[in-house]
Amino acid sequence: MSTSLPTTPASGTRWAAAVVLSALLALFAGNLPAVAADTTTASDLLETLPVKGRAPKTGYERSLFGPTWADVDQNGCDTRNDILNRDLTDITYVNSVPCTVKTGVLADPYTGTVIDFIRGTTTSSAVQIDHVVALSDAWQKGAQQLTTEQRTAFANDPLNLQATDGPTNQQKGDGDAATWLPPAKGFRCEYVARQVSVKARYGLWVTQAEHDAIAGILAGCPGQPAPTYVVAASSTTVVYYANCTEVVAAGAAPLYAGTAGYRSGLDGDGDGVACEG
């Protein structure tokens, strides 16, 4: 970590910082395809991805994707803490420098639950940072041909990173969309759309089974955009509904995990979609 720390933006500007970081990483990645703008649908972008078989995992090592949680944007804060700062709210820090997160609250889009993060040797793992497109999956689908710099950019790209429940992240492992999807069904459209955008950005391919699984999910959310960045949790409008009657009256039903107003108390069956009845 750098010994010279610039002033960190206030939480309200994290969204802008995330956009800048994504742009820097895109440049750092070198001669890679530019990911489509938000006006492009994930379904359309999916059809531009090559469909091939999975290459052998032979030779894969985590170190081939650069140092774990490198400070690629040189803001004096490692990538793990950058993502915690983006995805958590009610954050406190270990010292006066607003970088290393001590505590915070995660509204986990993968599970539709709220998790209290407490930094510590036995508690930090409750919130982990998922690579939306797993590193070993990328290795078997084109990343072997990337440079070390491009793979480092991939491993630290905010678009490819999401804070989530630790056990759920462990359950995912290196699965692709054909073998693993978030338990909260309401987040699956955004999840696979991010996978498509990441694979397009880094010139990776999909297997036929993966393509079909993603296409099946996106068929249920026509027009789902192909994202280029992730909005910070702190910039999301806080909306509270006491019950589903209020949700329906506001014309907001159904509510999906990760969107304004959703909370697990409104989601009786825990499928990531609240007030759908």
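1. Six charged residues, R54, D137, K141, D176, K199 and E210, are tied together in a network of salt bridges (each a side-chain nitrogen of Lys or Arg within 4 Å of a carboxyl oxygen of Asp or Glu). A search of the whole structure turns up 11 salt bridges. Keep in mind that this is a predicted model, where local features need pLDDT of at least 70, side-chain atom pairs count only at pLDDT 80 or more, and totals for chains, interfaces and linings use all residues. Numbering runs from 1 along each chain as its sequence is written, and side-chain values use heavy atoms, with hydrogens and water left out.

2. Within that network, have a look at D176 and R54, whose side chains meet at 3.0 Å, N to O. They sit 122 residues apart, D176 in the loop between α6 (166-172) and α7, R54 in the loop between α2 and α3 (79-87) (helices are DSSP runs of H or I, at least four residues, and strands runs of E, at least two, numbered from the N terminus). D176 counts as buried because its relative accessibility is 2%, while R54, at 39%, is partly exposed (buried is under 20% relative accessible area, exposed over 50%, partly exposed in between, with a 1.4 Å probe and protein chains only).

3. D130 in strand β4 (residues 127-131) and K172 in helix α6 are 42 residues apart, yet they form a salt bridge with closest N and O atoms 2.9 Å apart. D130 is buried at 3% relative accessibility, and K172 is buried at 4%.

4. D87 and R86 pair up too, at 2.6 Å between the closest N and O atoms, and both are buried.
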